[in-house]
Amino acid sequence: MNNLNVNLMVGGPTSEWPENLFESKQRENVWVGADRGALHLVKNGIRPELVIGDFDSSTSAEKQLIKDAVPEVITAKPEKDDTDTELALKKIIERYGSCKIKIFGATGGRLDHLLANIFFVLRPPFYEHLQDINLYDRYNTVSFFKPGTYRIKKEVDKKYLAFVPLTAVKKLTLKDEKYRLNQQDFSAPISLASNEFEGRTAEFSFEAGVVCVIQSKD
């Protein structure tokens, strides 16, 4: 089993970063930068193993700063089918195989980017790895699940819990949350927002589809 943790920084607003993002424990992980996320890393003293993107919003000086600090820079064409985040994820999967991927800088700013950074898990090659991918920002932790039964732990600073079917979902059961469900089917994506833990853990299950789970705080 591969216990490697890979942190991916993308180009969303720095105001949405989690507090203490660059603490020593996170610095020990492998870092990868996607487009402007690479510049954020370099300016914060992080030397990513590789960066990828079209860098179309970076100045010549910023591009040179990245090239001088990073051992591998992959430049993509601006006209492409994948987002810079997806290109970086494909490279991570190709290089490191099965690993835990933490994505930062994927929220805030443009709504189309946010939606792209949520729904990409439905497509190959990301679907195979979706349960190893998490998004983090100042207020939220986002996880993805395939059919099964799960018990998740409450994060200390989070109050709210949301279940978001990203596809049609069958027999979603929320067993011990504040607001419960019993084998409920959903034919289209929907956000079941503002639920809460009743204790330190919460159990849920479903039989078909993909469910996004979000722990949040105000």
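Biologist: Which residue of β6 stands opposite isoleucine 101?
Modeller: Isoleucine 133 is the one facing it. Bear in mind that this is a predicted model: local features need pLDDT of at least 70, side-chain atom pairs count only at pLDDT 80 or more, and totals for chains, interfaces and linings use all residues. Residues are numbered from 1 along each chain as its sequence is written, and side-chain values use heavy atoms, leaving out hydrogens and water.

Biologist: What makes β5 and β6 strands that pair?
Modeller: A strand is a DSSP run of E with at least two residues, while a helix is a run of H or I with at least four, both numbered from the N terminus. Two strands pair if DSSP finds at least two bridges between them. β5 (residues 100–104) and β6 (residues 133–136) run parallel and have four bridges, so they pass that test.

Biologist: Which unit do β5, helix α5 and β6 make?
Modeller: They form a right-handed β-α-β unit, with α5 covering residues 111–119. Right-handed means that, with the strands pointing away from you, the path from the first strand over the helix to the second runs clockwise.

Biologist: How do you know that β6 also pairs with β7?
Modeller: Three bridges link β6 to β7 (residues 140–145) in the antiparallel sense, and the cut-off is at least two, so that's a pair. A hairpin of three residues connects them, and tyrosine 136 has threonine 141 as its bridge partner.

Biologist: Why is threonine 141 called buried?
Modeller: Buried means under 20% relative accessible area, exposed means over 50%, and partly exposed is in between (1.4 Å probe, protein chains only). Threonine 141 has 6%, so it counts as buried.

Biologist: What makes its link to glutamate 155 a polar contact?
Modeller: You need N or O atoms within 3.5 Å; within protein, one must be able to donate a hydrogen and the other to accept it, and residues adjacent in sequence count only if both atoms are side-chain atoms. The side chains of threonine 141 and glutamate 155 make such a contact at 3.0 Å. Threonine 141 also touches residues including Lys158, Val213 and Gln215, where contact means heavy atoms within 4.5 Å.

Biologist: What makes a set of residues here a nonpolar core?
Modeller: It's a set of buried Ala, Val, Leu, Ile, Met, Phe, Trp, Tyr and Cys residues joined through side-chain atoms within 4.5 Å. The largest one has 34 residues, and Ile101, Ile103 and Phe144 are among those touching the most other members. Helix α4 (residues 84–96) gives the largest share, six residues. Apart from this core lies another, of 15 residues, including Ile152 and Phe163. In soluble globular proteins, nonpolar side chains tend to be buried together.

Biologist: Why are β4 and β12 said to stand at the edges?
Modeller: The open sheet has 10 strands in the order β4-β3-β2-β1-β5-β6-β7-β14-β9-β12, with mixed pairing. β4 (73–75) and β12 (192–196) each have a single partner strand, so one side of each has no neighbour in the sheet. The twist averages 20° from one strand to the next.

Key. Axes fitted to C-alpha atoms, helices over the stretch in contact; angles between N-to-C directions. Lists of a residue's contacts leave out its neighbours within four places in sequence.
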